[in-house]
Amino acid sequence: MSDITKVALDAMGGDNAPYEIVKGAVDAVNATKDIQILLTGKEEILEETLSKFEYPKEKIQIVNATEVIETAEPPVMAIRRKKDSSISVAMNLVKKGEADAFISAGSSGAVLVGGQVLVGRIKGVERPPLAPLIPTAKGVSLLIDCGANVDARPSHLVQFAKMGSVYMEHVIGKKNPTVGIVNIGAEEEKGNALVKETFPLLKACKDINFIGSIEAREIPAGVVDVVVCEAFVGNVILKLYEGVGSTLIKKIKSGLMTSFRSKLGALLVKPTLKATLKDFDATEYGGAPLLGLNGLVVKTHGNATAKEVYNSILQCRTFKEQRINEKIRDILSAKEQETKE
């Protein structure tokens, strides 16, 4: 396995493309020696954007893509028709083994569809989940799934728990990560049909550290390392999490500027407050990986800035170094062998 991590980066997707996407790529290759970026998008635009930066030229390559998938386009149709889009071209680089990972701030639907259709699922994976890291009082937790599988089955959630555990242990370094399923109470008999059917399956699973149900209010406290749910619930949690966090930060900043005394206090607490707020900045943790595919696919926020793109690129390097896909295959193969026996 090569020591160089090659990342195919959709340079045309997202609200801040191409400048912030390109800047994130430049920051990454300037900061590290073992990353190479394949920028996909309209060649003339990317050449002009790159000309604004200083970087080792051999570390960034432009791969021309003449089309762009817009956010409002139907994802399946867009992937089928726009074969020369920046998303499709980049994903095909991963499919052909010419890149180790793919990152995009573009259409979430197109990324999810393209991941399954172009990159393909690992054998045995029923549904690939989208799994962002979310800040908590104890560090970070993995929210799985947050947008890929709205109508999940119990077997899907069990796989989510297993893949999430692998990710938390080997990418984040959390040994024997705890797993909880999102519920409306701690009691085993509570929940909707999906949760009630899934709970005993997770409880019986020997290769995860399942501790039971977790209520939404417990998530920010970091009660579990892997938060398991289907995509509808996960997406609501994620969006509320981001909205409350953003509002709270604005209210704190506004409150500190209300009087001379508060402004003086703000000067005293600024260093500590800045460090604390940084811990709760989602962009510090990169994008959300679509786990269970034959290559790494990472979705960043649509309004991603260079910092989030930079952190997502470093995230891809860790993913490759820790051989996450191989570990997921091993877990699924072991389960398949256990079933046969």
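Biologist: Which order do the strands take in the sheet of 6 strands?
Modeller: The order is 3-2-1-4-11-10, in an open sheet with mixed pairing. Two strands pair if DSSP finds at least two bridges between them. Helices (H or I, at least four residues) and strands (E, at least two) are DSSP runs, numbered from the N terminus.

Biologist: What are these coordinates based on?
Modeller: This is a predicted model, where local features need pLDDT of at least 70, side-chain atom pairs count only at pLDDT 80 or more, and totals for chains, interfaces and linings use all residues. Residues are numbered from 1 along each chain as its sequence is written, and side-chain values use heavy atoms, with hydrogens and water left out.

Biologist: How many bridges join strand 4 to strand 11?
Modeller: There are 4, and the two strands, residues 101-104 and 296-299, run parallel. Ile-103 sits opposite Val-298 of strand 11.

Biologist: Which strands does helix 1 lie across?
Modeller: Helix 1 (residues 19-31) lies across strand 1 (5-10), strand 2 (35-41) and strand 3. It runs at about 165 degrees to strand 2. Axes are lines fitted to C-alpha atoms, for helices over the stretch in contact, and angles run from 0 to 180 degrees between N-to-C directions.

Biologist: And helix 10?
Modeller: Helix 10 (residues 306-321) lies across strand 1, strand 2, strand 4, strand 10 and strand 11. Its angle to strand 1 is about 140 degrees.

Biologist: How do helix 1 and helix 10 cross?
Modeller: Their axes come within 7 Å and cross at roughly 45 degrees. Helix 1 and helix 10 are therefore oblique to each other. Angles under 35 degrees count as roughly parallel, over 145 as roughly antiparallel, 65 to 115 as roughly perpendicular and the rest as oblique.

Biologist: Which residues of helix 10 meet helix 1?
Modeller: Ala-306, Val-309, Tyr-310 and Ile-313 do. Their partners in helix 1 include Ile-21, Gly-24 and Ala-28. Contact means heavy atoms within 4.5 Å. By class, this contact of helix 1 with helix 10 has 8 nonpolar, 1 polar and 3 charged residues. Ala, Val, Leu, Ile, Met, Phe, Trp, Tyr, Cys and Pro count as nonpolar, Asp, Glu, Lys and Arg as charged, and the others, Gly among them, as polar.

Biologist: New topic. What about the sheet of 5 strands?
Modeller: That one is open too, in the order 5-6-9-7-8, with mixed pairing. Strand 5 (133-136) and strand 8 (209-214) are the edges. The twist averages 30 degrees from one strand to the next. Helix 8 (residues 231-255) packs on this sheet and touches strand 5, strand 6 (139-144) and strand 7. The direction of helix 8 makes about 50 degrees with that of strand 5.

Biologist: Where does Gly-180 stand?
Modeller: Opposite Val-227 in strand 9. Strand 7 (residues 178-182) and strand 9 (residues 226-228) pair in the parallel sense over 3 bridges.

Biologist: At what angle do helix 6 and helix 7 pack?
Modeller: About 50 degrees, with the axes of helix 6 (residues 154-172) and helix 7 (residues 193-204) 9 Å apart. That makes helix 6 oblique to helix 7. Among the residues that meet are Leu-157 and Val-158 in helix 6, and Leu-194 and Leu-201 in helix 7. The contact of helix 6 with helix 7 divides into 7 nonpolar, 1 polar and 1 charged.
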